[in-house]
Amino acid sequence: MLHLILASQSPARTKLLAEAGIRHTVLVSDVDEAAVQERYGVTDPHDTALLLARAKAEAVASLPEAEGALVLGCDSVFEFDGEAHGKPYTADVARERMLRMSGSAGVLHTGHWLVDCRDTDDDGGGGRGSGATLGAVASAEVSFLEMEPAEIDAYIATGEPLHCAGSFTIDGLGGAFIRKVDGDPHAVVGLSVSTLRGLLAAANVRITDLWPPR
């Protein structure tokens with residue numbers, strides 16, 4: 001049976017996969033994102049998202065637990081005024097960003113990287129491995145409503161935006177401040193199912209093969 005491993009600790013990503021009927025397990029990488037960015041010197045938000053997704057996928061793919069599996073790494077970066085915004089981590093950073101974002105718009109880039117760890121000879125574990133290691137980025141423009149400072153402070157007090165790229169979510173409390181999304185809304189959650197479908201196809205796997213048996 002095909003085995004997909006999600007190399008991410010994001011509850012939103014695993015929930016999205018589960019709701020899309022995609023069987024998977026989670027194995028979190030220990031990638032130091034700052035160190036990866038410093039090593040490669042990538043500053044473009046689009047490329048940074050793909051670079052970090054690849055680093056996570058390849059780190060998990062190197063583990064013994066990944067043998068015979070398909071490994072998917074994801075990472076999201078928010079581009080605003082030409083700057084790359086990852087997780088703010090602190091209330092002060094989140095507040096400064098959200099005050100700037102109020103009534104404006106930015107682009108959320110979600111990088112995806114798939115590594116096929118199945119044996120390239122038929123190992124009886126779901127089909128012939130492709131040896132594929134490839135990625136893609138799904139992007140969407142997010143437009144925000146005007147946010148009152150008191151609303152921003154109340155949102156930050158919940159803790160939700162501190163560990164989200166761009167200091168917001170669309171599938172949680174932050175959805176109240178989003179006016180519209182142009183592009184794949186799943187990319188804003190942190191994992192584009194249609195992009196995953198394309199990557200799987202490149203590895204000779206149909207996404208329907210990961211649906212629960214009927």
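Leaving aside its neighbours within four places in sequence, Leu-200 is in contact (heavy atoms within 4.5 Å) with Leu-70, Leu-114, Val-205, Ile-207 and Leu-210. The model is a predicted one, in which local features need pLDDT of at least 70 and side-chain atom pairs count only at pLDDT 80 or more, while totals for chains, interfaces and linings use all residues. Residues are numbered from 1 along each chain as its sequence is written, and side-chain values use heavy atoms, with hydrogens and water left out.

A residue is called buried when its relative accessible area is under 20%, exposed when it is over 50%, and partly exposed in between, using a 1.4 Å probe and protein chains only. A nonpolar core is then a set of buried Ala, Val, Leu, Ile, Met, Phe, Trp, Tyr and Cys residues joined through side-chain atoms within 4.5 Å. The largest nonpolar core has 21 residues, and those touching the most other members are Leu-4, Ile-22, Leu-70, Leu-72, Leu-114, Leu-196 and Leu-200. Two or more residues of this core come from each of strand 1 (4–6), helix 1, strand 3 and helix 7 (193–202). Helices (H or I, at least four residues) and strands (E, at least two) are DSSP runs, numbered from the N terminus. Helix 7 gives the largest share of the core, 4 residues. A second, separate core holds 19 residues, among them Phe-78, Ala-94, Phe-144 and Phe-177.

Which residues does Val-60 contact, once its neighbours within four places in sequence are left aside? They are Ile-5, Ala-7, Leu-27, Val-28, Ser-29, Ala-66 and Val-71. Val-60 sits in helix 3 (residues 45–61) and counts as buried, because its relative accessibility is 0%. Along the chain, Val-60 and Ser-8 are 52 residues apart, yet 9.6 Å separates their C-alpha atoms.

The next topic is empty space. Rolling a probe the size of a water molecule over the atoms shows where such space is left. The search runs on a 1 Å grid over the protein atoms alone: a cavity is a set of points where a 1.4 Å probe fits but cannot get out, whereas a pocket is an open set with protein on both sides within 12 Å along at least five of seven lines, and lining residues have an atom within 4 Å of a point. The largest pocket has a volume of about 730 Å³, where grid points are joined across faces, edges and corners and the volume is the space filled by probe spheres set on the points. Its lining consists of 31 residues, and Ser-10, Arg-13, Lys-87, His-163 and Cys-164 lie nearest the centre of the pocket. Helix 1 (11–19), strand 3 (70–80) and helix 6 (185–189) each supply at least two lining residues, with helix 1 giving the largest share, 4 residues. Sorted by class, the lining has 14 nonpolar, 9 polar and 8 charged residues. In this sorting Ala, Val, Leu, Ile, Met, Phe, Trp, Tyr, Cys and Pro are nonpolar, Asp, Glu, Lys and Arg are charged, and the others, Gly among them, are polar.

Ser-10 lies in the loop between strand 1 and helix 1 and counts as buried, because its relative accessibility is 17%. Cys-164 is likewise buried, at 17% relative accessibility. How many disulfides are there? With a disulfide taken as a pair of cysteine sulfur atoms within 2.5 Å, the count comes to 0. Cys-74 is in none, and the nearest cysteine sulfur, that of Cys-117, is 15 Å away from it. Cys-74 is buried, with a relative accessible area of 0%. For Cys-164, the closest cysteine sulfur is in Cys-74, 15 Å away, so the pair is too far apart for a bond.

Most residues other than glycine have a negative phi. Tyr-89, however, has a positive phi near 65° and lies in the loop between strand 4 (83–85) and helix 4 (91–101). Ser-167 has a positive phi near 70°; Ser-167 is buried, at 0% relative accessibility.
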